[in-house]
Amino acid sequence: TWDVDHQLARVDANGWGAFTWKRDMPPSEHDRLVAKRHPLSPMCPQHDLTKVVAKLVLTLLHAAPPLFVTLCQVPVGIVLVWSNAHFDAFSGNVANAVATGASCGVLATYVAALFDEVASVNGVLENWESTLVGLHCSVFPAVFLGYMLRQHLSTKNKSATQKKKATGLAEPLLV
């Protein structure tokens, strides 16, 4: 069952235990915190939910007019960047920093697409072509800045957690 966290040693399969889960041993809070998965295992349900809702909104927008789609992509991109910067999606700072950097790159792409669409609607796409190419090239610095921002936030949060641990205020397994 879901209560035993997929570990067969916790399942009571003797006698009637094979047909009911009443005597199965659910994992304790300690077991859940100690049982680390591989570094890319999802760690935060809020991050996953935010990401799914944002991608659902992006999927539903495909039937809308292009200018409306590009206008809506920017706030959704901001939500994705916030989600990756705020929540720990993975176990490990580097994976979280890469995800935040990638989200910043996607947001930069959405902003560039918005400018492309506005220029196209106004009929000035040819005049703005070199500026728009430069705007599309801003994706690379955005990825780097997002990565560095997340690394900085992780280091800052880690030092605050270490201070709490030093004073004995933090739960040892949550550090």
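## Helix α4 against helix α5

In this predicted model, helix α4 (residues 93-122) and helix α5 (residues 129-137) have axes that come within 9 Å of each other and cross at roughly 165°; the axes are lines fitted to C-alpha atoms, for helices over the stretch in contact, and the angles run from 0 to 180 degrees between N-to-C directions. That angle makes α4 roughly antiparallel to α5, on a scale where angles under 35 degrees count as roughly parallel, over 145 as roughly antiparallel, 65 to 115 as roughly perpendicular and the rest as oblique. The crossing in which α4 passes α5 is left-handed, a term used if the near helix is turned anticlockwise from the far one by less than a right angle, with right-handed used if clockwise.

On the α4 side the contact involves V111, A112, A113, F115, D116 and A119, which meet L132, L135 and H136 of α5; contact means heavy atoms within 4.5 Å. Sorted by type, the residues of this contact are seven nonpolar, one polar and one charged, where Ala, Val, Leu, Ile, Met, Phe, Trp, Tyr, Cys and Pro count as nonpolar, Asp, Glu, Lys and Arg as charged, and the others, Gly among them, as polar.

## Basis of the model and overall make-up

Residues are numbered from 1 along each chain as its sequence is written. Because this is a predicted model, local features need pLDDT of at least 70 and side-chain atom pairs count only at pLDDT 80 or more, while totals for chains, interfaces and linings use all residues, and side-chain values use heavy atoms, with hydrogens and water left out.

The protein chain has six helices and zero strands, so that its elements run α-α-α-α-α-α from the N terminus on; helices (H or I, at least four residues) and strands (E, at least two) are DSSP runs, numbered from the N terminus. Of the 175 residues in the protein chain, 29% count as buried, a class that means under 20% relative accessible area, with exposed meaning over 50% and partly exposed in between (1.4 Å probe, protein chains only). Among the contacts in the protein chain with a separation of 6 or more, 61% are accounted for by residues 24 or more positions apart.

## Helix α3 against helix α4

The axes of α3 and α4 are 8 Å apart, and the two helices pack at an angle of about 165°.

By type, the contact of α3 with α4 divides into 16 nonpolar residues, six polar and one charged.

## Helix α2 against helix α3

Helix α2 (residues 45-60) packs against helix α3 (residues 66-86) at an angle of about 165°, with the axes 10 Å apart. α2 is therefore roughly antiparallel to α3, and the crossing in which α2 passes α3 is left-handed. The contact is made by H47, T50, K51, A54, V57 and L58 of α2 together with Q73, V76, V79, L80, S83 and N84 of α3, and its residues divide into six nonpolar, five polar and one charged.

Two residues of α3 can be followed individually. S83, found in helix α3, is buried, with a relative accessible area of 1%, and touches H47 and T50, not counting residues up to four places away in sequence. V79, which also lies in helix α3, counts as partly exposed at 37% relative accessibility; V79 and A54 are 25 residues apart in sequence and 7.4 Å apart in space, C-alpha to C-alpha.

A search of the whole structure finds one aromatic pair. The rings of W82 and F87 have centres 5.4 Å apart and planes at 80°, so the pair is edge-to-face; rings of Phe, Tyr and Trp (its six-membered ring) pair if their centres lie within 6.5 Å, and planes under 30 degrees apart count as stacked, over 60 as edge-to-face and the rest as tilted. W82 counts as partly exposed at 46% relative accessibility, whereas F87, at 16%, counts as buried.

T155 has its place in helix α6 (residues 139-167) and is exposed, with a relative accessible area of 53%. The C-alpha atoms of T155 and N93 are separated by 8.7 Å, although the two residues are 62 residues apart along the chain.
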